[in-house]
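Welcome! Take a moment to turn the model around on your screen before reading on. The short report below will guide you through a few of its parts.

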Amino acid sequence: MPYGFSQQGRRESQQDCMYPETTSEETPYFVICDGVGGRQNGEIASGLVCEAFSRMLDGQFRQGGLMNKSLFEQILQYAYSMLYDNRCASKEMATTLAFLAISKDGVFVAHIGDSRIYQVRPGNGIVFVTEDHSVVRSLIKEKKLSEEDAKIHAKRHTITRCIRVLGDNEEYDQATVNIIRDVKRGDLFLVCTDGVYGEITEAELIEVLSEKVSLDAKTRKLADMTRHSNDNNTAFLIEVDSVEDYNGYKGENISYETTLQHEGLCSASWDIVSKIGKLFSRSFFRK
């Protein structure tokens with residue numbers, strides 16, 4: 001059964017948002033957003049995007065369903081519309097996105113910004129991790145910066161993509177999508193904000209997730225290790241209990257970029273004031 005936590009850390013406010021806030025063995029998808037700190041009202045942006053995903057998927061996408069490009073792009077378009085429709089709160093608000101869905105053709109993951117999704121296989125380590133949309137990651141790809149220097153670079157927290165309020169002539173920041181078919185029984189998926197992975201090393205992450213303890217205990221240990229992070233820190237931890245024939249999904253992993261086009265934003269009215277308290281009063285939870 002999946003577990004999760006959301007902690008304020010040493011920040012003055014909580015700008016992370018997660019959905020769903022309670023989980024069960026039947027929970028088929030997970031959303032984590034991190035309001036962009038350099039812009040106003042990041043907490044509203046993260047809450048709106050989580051709300052958009054919940055509206056589009058609750059009661060419609062169940063365990064065993066198919067998450068494909070068309071459906072995901074409809075959801076993402078709706079998320080952009082939610083921000084646009086509530087631009088009276090702030091035209092500058094923005095958020096990252098990390099999304100995971102258990103689809104019948106693989107584990108569907110998508111991200112915008114620097115919130116990450118890890119796949120850890122006990123005994124093998126990290127077998128997949130999303131690639132941040134950030135200044136330092138671009139410099140690393142261009143071989144202008146080393147991994148070590150990136151950790152102390154002045155722009156290490158500067159992202160190059162986010163979900164934001166769009167003007168009439170602006171283009172969408174696209175999501176990077178991966179459909180993971182190399183999945184084995186016992187694999188663990190961590191969906192998290194940078195307040196989590198920025199506080200622990202990859203070696204520590206592998207060590208914790210490889211311990212022979214319950215998933216609940218692993219989640220609690222991660223929460224304890226990141227509780228006093230300099231940033232908000234939020235995560236879901238999901239363990240693969242079984243895969244058909246125990247050999248994983250058929251076919252190879254797939255990666256692509258979404259292709260949203262700006263065709264005018266529809267109305268998606270939402271009462272921010274009535275829900276704002278509910279969205280940002282979270283702490284560690286277990287189900």
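## A sheet of strands

Phe5 stands opposite Ala235, a residue of β12. Strand β12 covers residues 233-239 and is joined to β1 by 5 bridges, with the two running antiparallel. Here, strands (E, at least two residues) and helices (H or I, at least four) are DSSP runs, numbered from the N terminus. Two strands pair if DSSP finds at least two bridges between them.

Now widen the view: 5 strands form an open sheet with antiparallel pairing, in the order β1-β12-β11-β7-β8. At its edges are β1 (3-7) and β8 (125-129), each of which pairs on one side only. On average, and with direction ignored, neighbouring strands of this sheet are turned by 20 degrees against each other. As background, strands of a sheet pair through backbone hydrogen bonds, either parallel or antiparallel.

## About the model

This is a predicted model, where local features need pLDDT of at least 70 and side-chain atom pairs count only at pLDDT 80 or more, while totals for chains, interfaces and linings use all residues. Residues are numbered from 1 along each chain as its sequence is written, and side-chain values use heavy atoms, leaving out hydrogens and water.

## Two helices side by side

The axes of α6 (residues 202-210) and α7 (residues 215-226) come within 9 Å and cross at roughly 150 degrees. Axes are lines fitted to C-alpha atoms, for helices over the stretch in contact, and angles run from 0 to 180 degrees between N-to-C directions. Angles over 145 degrees count as roughly antiparallel (under 35 is roughly parallel, 65 to 115 roughly perpendicular, the rest oblique). Therefore α6 and α7 are roughly antiparallel to each other.

Which residues make the contact? From α6 come Glu204, Leu205, Val208 and Leu209, and from α7 come Lys218, Lys221, Leu222 and Met225. Contact means heavy atoms within 4.5 Å. Helix α7 also lies across β1, β11 (188-192) and β12, running at about 15 degrees to β1.

## An aromatic pair

Rings of Phe, Tyr and Trp (its six-membered ring) pair if their centres lie within 6.5 Å; planes under 30 degrees apart are stacked, over 60 edge-to-face, and the rest tilted. The count comes to 9 aromatic pairs. One of them is the tilted pair of Phe53 and Phe72, at 6.2 Å centre to centre and 55 degrees between the planes. Phe53 lies in α1 (residues 42-57) and Phe72 in α2 (residues 69-85), so the pair ties together parts 19 residues apart in sequence.
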